Amino acid sequence: MSDSNNPGLDTQKHLFIYQQQQATASSSSTQQPSTPASTKDDSVPAGMTKLPNGVILDKDGKPCRLCTSAASWRALTKQAKSTPTTTAAASTPSSTTPTTGSYTDCPPDSEALGRSTWTFLHSLTASYPVRASNEQQSEMRTFLGIFSRLYPCWVCADDFRNWMAEPSGANEPRLNGRQEFGDWMCRAHNEVNRKLGKKEFDCRLWEERWRTGWKDGRCD
């Protein structure tokens with residue numbers, strides 16, 4: 001899960017290539033074929049193109065919006081729009097075209113999804129029982145297992161699931177009660193922060209941040 005999305009994974013730092021879909025219908029095959037655009041990169045096979053840095057592919061090989069930051073997605077959209085389709089097309093000044101960042105009702109990117117998800121998960125730990133029954137622990141363990149498979153950003157989901165399944169057992173969910181569950185969730189969040197190169201949170205303060213509010217009264 002990225003917290004700025006994600007996220008936060010090594011795969012997000014790479015350039016990905018994907019097969020360009022041919023938009024020419026079979027009925028137009030008799031027309032003069034267009035000249036393929038030059039990639040200027042011998043490492044990219046013919047008929048393929050490099051995606052902007054940070055774009056993540058879905059499991060079907062298409063760009064995954066929920067796995068990609070808004071900036072990378074806009075770069076991908078700009079790249080797609082700038083791909084020559086007709087020689088007569090006139091360019092539109094960017095100043096007249098609103099960007100995704102101008103709106104608040106657009107689909108979330110990896111960063112927005114990550115922020116919302118961490119808010120939910122930390123709030124979940126804040127409302128967890130001080131001492132959880134066996135049934136409550138079983139329910140939460142089941143939830144975390146399902147969550148780590150159904151989270152919309154699949155690379156983030158895989159990363160979280162693999163982190164929990166670390167062979168030593170050090171990252172298994174700690175579910176006996178609120179304090180240890182909250183600390184465990186904070187450590188999980190910090191794992192993502194490290195991958196993103198972000199500052200880690202002091203897990204001793206997780207309850208002030210997510211349950212009781214800061215002692216200086218700023219949240220009252």
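**Group meeting: helices and confidence in a predicted model**

Let's start with confidence. This is a predicted model. In the protein, confidence is lowest in strand β1, residues 17-19, with a mean of 33. It is highest in α3, at 97. The protein averages a pLDDT of 75, and 65% of the residues score at least 70.

Two stretches need a word of their own. Over residues 4-41, the pLDDT is below 50. Beyond near neighbours in sequence, that stretch has 68 contacts in the model. Residues 85-98 also have a pLDDT below 50. How many contacts does this stretch have beyond near neighbours in sequence? Two.

Now, a helix pair. Helix α2 runs over residues 110-126, and helix α3 over residues 134-150. Their axes come within 13 Å and cross at roughly 170°. Angles over 145 degrees count as roughly antiparallel, so α2 is roughly antiparallel to α3. Which residues meet? From α2, Thr117, Phe120, Leu121 and Leu124. From α3, Met140, Phe143 and Phe147. By type, the contact has six nonpolar residues, one polar and no charged.

Next, α5, residues 178-196. At 1.5 Å a residue, its 19 residues should span 27 Å. The end C-alpha atoms are 27 Å apart, so the two agree.

Look at what is buried in α5. The buried residues include Phe181, Trp184, Met185, His189 and Val192. Arg178 and Glu191 are buried too. What covers the buried residues of α5? The cover includes α2, α3, α4 (154-164) and α6 (206-212).

Last stop: just after α5, glycine 197 takes a positive phi of about 75°.

Conventions
Residues numbered from 1 in each chain as written. Predicted model: local features only at pLDDT ≥ 70, side-chain atom pairs only at ≥ 80, totals over all residues. Heavy atoms only, no water. Axes fitted to C-alpha atoms, helices over the stretch in contact; angles between N-to-C directions. Helix = DSSP H or I, 4+ residues; strand = E, 2+ residues; numbered from the N terminus. Parallel < 35°, antiparallel > 145°, perpendicular 65-115°, else oblique. Contact = heavy atoms within 4.5 Å. Nonpolar A, V, L, I, M, F, W, Y, C, P; charged D, E, K, R; others polar. Expected span 1.5 Å × (residues − 1). Buried < 20%, exposed > 50% of the residue type's maximum accessible area, 1.4 Å probe, protein only. pLDDT = per-residue confidence, 0-100.
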